[in-house]
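Visitor: I would like to learn how to read a model like this one, feature by feature. Could you walk me through it?

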Amino acid sequence: MSEYTVRAARSTDITGIHSLLEPMVDRRILLGKDLAVLYGAVQEFVVAEADGVLIGCGALHVMWEDLGEVRTLLVRADYLRHGVGRAIVDALEERARELGLTRLFCLTFETEFFTRRGYVPIGEQVVDADVYSQLLRSGDAGVEEFLDLAHVKPNTLGNTRMIKHLN
C-alpha cells in the first residue's frame, strides 16, 4: 500500500473528486453533486492522495456559528481500512477548530466509524428555535438533512444523524 498525504483540495482535484463520488452515487450511498457545485465548494474539501492519484476526500461545511457538517466523506475501496478516512476526518476536525466550530454533524451509514471518532447519534433538534428558523431559510440540502425535514427523508433512509462536540 502506497503512502498517502491529506491536503486541501485544489480546483484541479474536482474532476477526481467527482470520479470518486460517482460509484457511491450509483450505489445510492451518497447524493450526487454536479461539477459546478463541487467547484463552488472546493475550499470545503480535503483530499487524500497516493502517488499523485486521489484516493479519498471529505468536506467541511459550516452551518452556523458553532456548527459544521462533515460531508462527502469517501475513500477508494482499495484503500479502506488503512487509516485514510480517519486522516481525512482528523483534517476536517482541525479545520473546524481553526474556524471556531465546537460541534460537527454528519449523516452516515458508517455509524461504527464515526462512533470510534466520538460522534453520537442524535434524534432531536440540537439548535434553539431561532437558529432553527434561520437554518430553514438556507436552501441547502445538507442543512435540511440536519434539521430532519420530512421532504428529505426519502434521501436519508437508513442513515444516522450524528454529532460530535469538539474539544
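Visitor: Which residues does V84 touch, not counting residues up to four places away in sequence?

Guide: A contact here means heavy atoms within 4.5 Å. By that rule, V84 touches Y4, A48, I55, V75 and Y79 once residues up to four places away in sequence are set aside. V84 is found in helix α3; helices (H or I, at least four residues) and strands (E, at least two) are DSSP runs, numbered from the N terminus.

Visitor: What should I keep in mind about the model itself?

Guide: This is a predicted model, in which local features need pLDDT of at least 70 and side-chain atom pairs count only at pLDDT 80 or more, while totals for chains, interfaces and linings use all residues. Residues are numbered from 1 along each chain as its sequence is written, and side-chain values use heavy atoms, with hydrogens and water left out.

Visitor: Is V84 buried or exposed?

Guide: Buried means under 20% relative accessible area, exposed over 50%, and partly exposed in between (1.4 Å probe, protein chains only). V84 counts as buried because its relative accessibility is 0%. Its C-alpha atom is separated by 9.0 Å from that of C57, 27 residues apart along the chain. Of the 167 residues of the protein chain, 45% count as buried.

Visitor: How many residues does the largest nonpolar core have?

Guide: In soluble globular proteins, nonpolar side chains tend to be buried together. A nonpolar core is a set of buried Ala, Val, Leu, Ile, Met, Phe, Trp, Tyr and Cys residues joined through side-chain atoms within 4.5 Å. The largest one has 22 residues, and those with the most contacts inside it include V84, I88, L104 and F114. At least two residues each come from β2 (45-50), β3 (53-64), β4 (67-75), α3 (84-98), β5 (103-108) and α4 (111-116). Helix α3 gives the most to this core, with 5 residues. Apart from it lies another core of 14 residues, among them I14, V42, F45 and L54.

Visitor: What is I88 in contact with?

Guide: Leaving aside neighbours within four places in sequence, I88 is in contact with V6, V46, A48, G56, C57, G58, L73, L74 and V75. Two of these partners meet again in the sheet: G56 has V75 in β4 as its bridge partner.

Visitor: In what order do the strands form the sheet?

Guide: Two strands pair if DSSP finds at least two bridges between them. Here 7 strands form an open sheet with mixed pairing, in the order β1-β2-β3-β4-β5-β7-β6. The edge strands, each pairing on one side only, are β1 (5-8) and β6 (120-121). Strands β3 and β4 run antiparallel and are joined by 7 bridges. An antiparallel pairing over 6 bridges links β5 with β7, where F105 stands opposite I163 in β7. On the other pairing, 2 bridges join β6 to β7 in the antiparallel sense, and P121 stands opposite M162.

Visitor: Which strands does α3 lie across?

Guide: Axes are lines fitted to C-alpha atoms, for helices over the stretch in contact, and angles run from 0 to 180 degrees between N-to-C directions. Helix α3 lies across β1, β2, β3, β4, β5 and β7 (160-165), at about 30° to β3. Helix α1 (residues 14-26) runs at about 95° to β3 and lies across β2, β3 and β4.

Visitor: How many salt bridges does a search of the whole structure find?

Guide: A salt bridge is a side-chain nitrogen of Lys or Arg within 4 Å of a carboxyl oxygen of Asp or Glu. The search finds 6. One of them joins E93 to K164, with the closest N and O atoms 3.0 Å apart. That pair links distant parts of the chain, E93 in helix α3 and K164 in strand β7, 71 residues apart. E93 is buried at a relative accessible area of 4%, and K164 counts as buried at 12%. Salt bridges that share partners also join R7, D13 and E49 into one network. Within it, the closest N and O atoms of D13 and R7 are 2.8 Å apart.

Visitor: Where do T72 and R81 lie, given that each has a positive phi?

Guide: T72, with a phi of about 50° although it is not a glycine, lies in strand β4 and is buried at 9%. R81, also not a glycine, has a phi of about 65°. R81 sits in the loop between β4 and α3 and counts as exposed, at 80% relative accessibility.
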